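Let's walk through a protein model together, one feature at a time.

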Amino acid sequence: MFALPIDYQVLDYVITLNRKEGAAAREQMLRIRDFPGNLTDYFEIDSSNRQYCVHIFGQHAIKYWIDDADRVVKIMEIRQTDQD
């Protein structure tokens, strides 16, 4: 199993969600922890060429980074998508 460090801003965002969306966000983060490579919907590359995975659920996107060597999946960001 992977460790799951979460950026503090992610927690700030999740507590603003209603109960149902907050529970769904927490559930998705645990699914990412358990199966990080299986939930990637697309990738984003930052200015230093680090590749981040992005998982879409409902109207939200979770951006995370997988460190296979240290068995860590770091949740970097959660944001609302542009989907209706």
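The dialogue below goes from the overall fold to single residues.

Q: What should I know before I start reading?
A: This is a predicted model, where local features need pLDDT of at least 70 and side-chain atom pairs count only at pLDDT 80 or more, while totals for chains, interfaces and linings use all residues. Residues are numbered from 1 along each chain as its sequence is written, and side-chain values use heavy atoms, with hydrogens and water left out.

Q: How many helices and strands does the protein have, and in which pattern?
A: Helices (H or I, at least four residues) and strands (E, at least two) are DSSP runs, numbered from the N terminus. Here you get 2 helices and 4 strands, and along the sequence they read α-α-β-β-β-β.

Q: How does the radius of gyration of the protein sit with that of a compact globule?
A: The radius is taken over C-alpha atoms, and the globule rule is 2.2 Å times the number of residues to the power 0.38. For 84 residues the rule gives a value near 12 Å, and the protein has 12 Å, so the two agree. Its C-alpha atoms fill a box of roughly 35 × 25 × 25 Å along the principal axes.

Q: What share of the residues is buried?
A: Buried means under 20% relative accessible area, exposed means over 50%, and partly exposed is in between (1.4 Å probe, protein chains only). In this protein, 32% of the 84 residues are buried. Strand 3, residues 60-67, is mostly covered, with 6 of its 8 residues buried.

Q: How do I read the pairing of strand 3 with strand 2 and strand 4?
A: Two strands pair if DSSP finds at least two bridges between them. Strand 2 (residues 51-57) runs antiparallel to strand 3, joined by 5 bridges; Val54 has Lys63 in strand 3 as its bridge partner. Strand 3 and strand 4 are also antiparallel, with 8 bridges, and His60 stands opposite Gln80 in strand 4.

Q: Which residues take a positive phi in the hairpins?
A: In the hairpin of strand 2 and strand 3, with 2 residues between the strands, Gly58 has a positive phi near 55°. The hairpin of strand 3 and strand 4 has 4 residues between the strands, and there Arg71 takes a positive phi near 55°. Arg71 is a residue other than glycine, and it's partly exposed, at 41% relative accessible area.

Q: Where does Asn49 lie, and is it buried or exposed?
A: Asn49 is in the loop between strand 1 (42-45) and strand 2. Its relative accessibility is 63%, so Asn49 counts as exposed. Its phi is positive too, near 65°.

Q: What does Gln51 touch, leaving out residues up to four places away in sequence?
A: Contact means heavy atoms within 4.5 Å. With those neighbours left out, Gln51 touches Phe43, Glu44, Ile45 and Trp65. Gln51 and Trp65 are 14 residues apart in sequence, and their C-alpha atoms are 7.3 Å apart in space. Gln51 is found in strand 2 and is partly exposed, with a relative accessible area of 42%.

Q: And Thr81: is it buried or exposed, and what is it in contact with?
A: Thr81 comes in the segment after strand 4 (72-80). At 15% relative accessibility, Thr81 counts as buried. Leaving aside neighbours within four places in sequence, Thr81 is in contact with Ile56, Gly58, Gln59, His60 and Ala61.
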